[in-house]
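Biologist: I have a chain on the screen and some questions about how it is put together. Can we go through them one at a time?

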Amino acid sequence: ILTPHFNHKKTIMSCNQTYLIEDFFAVGISYQNTDAATRGQFSISFKQYEAILELAPSYGVEEMFVLSTCNRTEIYGFAKNPSYLLELLHSQSSGDFELLSKMVYVKNGIDSISHLYHVACGLDSQILGDYEIVSQLKQAVNFSRDHQFMGSFLERLVSSVFKSSKKIKTYTALSS
C-alpha cells in the first residue's frame, strides 16, 4: 500500500475526502511510557468509544479508530492537529489532561503507519510476538466501521496490516 519512498506530502483520497498523509496520526500511551495505574485512567470502554465517535466530527475528525487494551490506549486517525485526537481521548477518560499531555506519544504520517504495523505484528507488545492485539485491533476497527468512521484509506491500511500480521505469524517463529 505504501512504500518507504512514499512522498509524505502526497494527498490521499478517502470517501470523497482529501487528506495529506502528514494529517494521519497515532496518539496514545502504552506500557513503554506509563505504568498500569496510569494506563487504567485513560482506558476506553466501548460506551466511551461511542461517545468519542459522536464528538469526533466537532473536532473535524471523520476517520479514526481507538485501540484500548491493558497495555495501550491509542487513537489513529486524520486530524488537522494531533491535539484534537488527544482531547477526544481525554474527553472520555477519568485521567488528568496535564498528566496525559506529559505521557502521550504522537506519531504522524509514515511513522504512525509504521507504528500500527509494529503494534499489529506483535513487535510493540510487552511480550514480543503477542498476537492477542490482532483480535483487539479487529474489534476496534469493526466498531469504528459500524459507526461509519472507516474511510477507504483506513480500510486499505488495516487490511494490509492484518495481512502482514498473518504472514508474520504464519511464516516466522516470532510468537514462539
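Modeller: One definition to start: helices are DSSP runs of H or I with at least four residues, numbered from the N terminus. Keep in mind that this is a predicted model.

Biologist: Which helix gives the most to the lining of the largest pocket?

Modeller: The largest pocket holds about 180 Å³ of space. Its lining includes T69, C70, N71 and R72, and also S125, Q126, I127 and D130. E132, I133 and Q136 line the pocket too. With three residues, the top contributor is helix 6 (residues 132-146).

Biologist: Is C70 buried or exposed?

Modeller: Exposed means over 50% relative accessible area. C70 has 60% relative accessibility, so C70 counts as exposed.

Biologist: And C121, buried or exposed?

Modeller: The cut-off for buried is under 20% relative accessible area. C121 has 3%, and therefore counts as buried.

Biologist: How many disulfides does the structure hold?

Modeller: A disulfide is a covalent bond between the sulfur atoms of two cysteines. To be counted here, a pair of cysteine sulfur atoms must lie within 2.5 Å. The number of disulfides in the structure is zero.

Biologist: What pattern does the protein chain follow along the sequence?

Modeller: The chain has seven helices and six strands. Read in sequence order, the pattern is β-β-β-α-α-β-β-α-α-β-α-α-α.

Biologist: Why do the buried residues of helix 3 lie on the same side?

Modeller: The buried residues of helix 3 (residues 82-91) are L85, L86, L88 and L89. They lie on the same side of helix 3 because they cover an arc around the axis of only 160°.

Biologist: Which elements do those buried residues of helix 3 pack against?

Modeller: Three of the partners are strands: strand 3 (24-30), strand 4 (64-68) and strand 5 (72-78). The others are helix 2 (46-55) and helix 4 (97-103).

Biologist: Which residue caps the N-terminal end of helix 3?

Modeller: The cap is made by a side-chain oxygen that lies 2.8 Å from the backbone nitrogen of S83. That oxygen belongs to N81.

Biologist: Which residues is S93 in contact with, leaving aside its neighbours within four places in sequence?

Modeller: S93 lies in the loop between helix 3 and helix 4. Its relative accessible area is 14%, so S93 is buried. Beyond its sequence neighbours, the contacts of S93 are Q41, F42 and I44.

How values were computed:
Residues are numbered from 1 along each chain as its sequence is written. This is a predicted model: local features need pLDDT of at least 70, side-chain atom pairs count only at pLDDT 80 or more; totals for chains, interfaces and linings use all residues. Side-chain values use heavy atoms; hydrogens and water are left out. Buried means under 20% relative accessible area, exposed over 50%, partly exposed in between (1.4 Å probe, protein chains only). Helices (H or I, at least four residues) and strands (E, at least two) are DSSP runs, numbered from the N terminus. The arc is that of the directions from the helix axis to the C-beta atoms. Contact means heavy atoms within 4.5 Å. A polar contact is a pair of N or O atoms within 3.5 Å; within protein, one must be able to donate a hydrogen and the other to accept it, and residues adjacent in sequence count only if both atoms are side-chain atoms. On a 1 Å grid over the protein atoms alone, a cavity is a set of points where a 1.4 Å probe fits but cannot get out, and a pocket is an open set with protein on both sides within 12 Å along at least five of seven lines; lining residues have an atom within 4 Å of a point. Grid points are joined across faces, edges and corners, and a volume is the space filled by probe spheres set on the points.
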